[in-house]
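Dear colleague,

Please find below the structure that I am handing over to you. My notes on it follow directly after.

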Amino acid sequence: MTQSAHFATTLRTDLAGALRLSDVGRKVRLGGWVHRSRDLGGLLFLDLRDRGGLVQVSFDPRHVDAETLAAAAGVGVESVVWIEGEVVARPPDGVNPEMVSGEIEVRGATISVVGPAATPALPVARGRGEKLPAEELRLRHRYLDLRHPELQANLILRHRLLQATRNFLADIGFLEVETPILTKPTPEGARDYLVPSRVHEGEFFALPQSPQLYKQLLMVSGFDRYFQIARCFRDEDLRADRQPEFSQIDIEASFVAPEDILALTEALLGRLWSVAGVQIPATFPRMTYAEAMENYGSDRPDLRYDLTIRDVSASFAASDFAITRSALDAGGRVRGLRLPGAAVLSRKQVDELEVLAKGAGVGGLLRIKRVGGKLEGPIARFLDEEGGARLGLAEGELGLYVAAPDHLANPALDRVRQAAAELLGLVDSDRLAFLWVTDFPMFERDPGRGALSAMHHPFTAPRPEDAATLESEPTSARALAYDVVLNGTELGGGSIRIHDPQLQNRVFALLGMDEATASSRFGFLLEALRAGAPPHGGIALGFDRITMLLAGASSLRDVIAFPKTTAARALFEGAPSRVPEADLIDLHLALREVAHD
């Protein structure tokens, strides 16, 4: 049975776009949308489109009556039609190599319009390289935009990746378990979307930011291998690559160590990339968080190019240059990049790199280059011969440095590194540089308030050798946490969890939660852990992002059927929206005006 035969119904025999040379001579009945129409002196051609793709249909006055010819000529684009006809081979000079059905056409015998279409608000038939309509217009008329073959291919790929994920995990003993969408608010991480309860006045559910606590409870319950394609919701500040609701591949397993989760994830990603016809390495290189931040200024470094950050503080140790002197005296460092062949960059180009650095919070970039065997640039005169030699600049290299504490220098140099690599043509766009970043800090300290917060989440277990000094050296404690990165993009992250209730209480205390607060927020978890919990851990992978990368799409919105805008609005349905006063009363809510500065 052919793929097209699966789609046969009472009303059609085949998918239009699935017809091939092997179907020549068959009588077919097709249903679809008119993609384009052409009148060549009385000989009419329609491109008929359905989920299978496009097929050309011809209406020849030698083979059909005038009424049928007139009906075909009067059909508007995007109208839904039924067509009956015979599959015929195109003559050699009529073959269209750009259509997968381009070796055949359907010689139309009858046509019926079953869904006449008004003039579409945006074109579905778009030429290669044609400028897309404005995104707001596309999202407002999403039902039209989704007719475009490229978006349909993206969603079909998304389906295939979903099925591959389910089949892969089910085959190795994982159970798909659905967890609640209406959950308990837990003020950790991003803001919750809150849902008022009608039957419990003044109380609220939250939409889940992740199924984290539920999957830990499943481990306590004895379901030792869980997964879910989970819908998650985060009311966070909006960014172009984020959606307020998204899907993640959520995985948890019992009696595992980090090695088990890393190996599982590598195998799963290998399966997903193979769906797109791409083979990836069986194992990925690893780098600790400390190494990543020291050498790349980022915990998700792009390793497609070899630019590493270097500490050149020793070169300025004896210098009286005020900028470096004050930074070093305050406990900062001088660190930066050596850019090969970049000595020829114009001042304007380097100024643009400096704008990126300043945007990350540093005062600017210190510039120096080696040309004709000599060091040149604004800071050259502040370096003695030994200090200049320590920079290690080769002929034609440009050095760009930042004098600042690491928490400012790292993001600045990360931005400069990425932009410089693009500017110098160092990025190998065909390379897939997968990477594991491991040993994240358990905690980070707010520079302003000094309070501790969890680097990942408060349920992450410390490395065993660091558990004893959690209270005395909390910022030195490393977590059994890991992120998987591809070409500078985080695909997902996870950790081994805390399964000891006493250790979990210690972590809550370090985060400023007294016993009453911890019990109020997470008492159900602590109670479950006291019931006997196995060691367990897992990972969550961003499914939308993985699909976007495999589809070669430029935006998450191109792989989600009904996405929100960057302003968190659903333009096609007009959400969010006001609700009637009576509905608010039922929910025990009242609106009031709030003054905004």
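**Aromatic pairs and a buried aspartate**

Phe382 counts as buried because its relative accessibility is 18%, buried meaning under 20% relative accessible area with a 1.4 Å probe and protein chains only. The rings of Phe508 and Phe522 are stacked, since their centres are 5.0 Å apart and their planes at 15°; rings of Phe, Tyr and Trp (its six-membered ring) pair if their centres lie within 6.5 Å, and planes under 30 degrees apart count as stacked. This pair joins distant parts of the chain, with Phe508 in helix H12 (residues 501–510) and Phe522 in helix H13 (residues 515–529), 14 residues apart. Helices are DSSP runs of at least four residues (H or I) and strands (E) of at least two, numbered from the N terminus. Both Phe508 and Phe522 are buried.

The model is predicted: local features need pLDDT of at least 70, side-chain atom pairs count only at pLDDT 80 or more, and totals for chains, interfaces and linings use all residues. Residues are numbered from 1 along each chain as its sequence is written, and side-chain values use heavy atoms, leaving out hydrogens and water.

Across the whole structure, 10 aromatic pairs are found. One of them is the stacked pair of Phe321 and Phe382, at 4.3 Å centre to centre and 25° between the planes. Ring pairs also link Trp273, Phe284, Phe434, Trp436 and Tyr482 into a cluster.

Asp466 lies in the loop between strand E19 (452–454) and strand E20 (481–486). With a relative accessible area of 9%, Asp466 is buried.

Yours sincerely

Technical notes: Buried < 20%, exposed > 50% of the residue type's maximum accessible area, 1.4 Å probe, protein only. Phe/Tyr/Trp six-rings, centres within 6.5 Å; stacked < 30°, edge-to-face > 60°.
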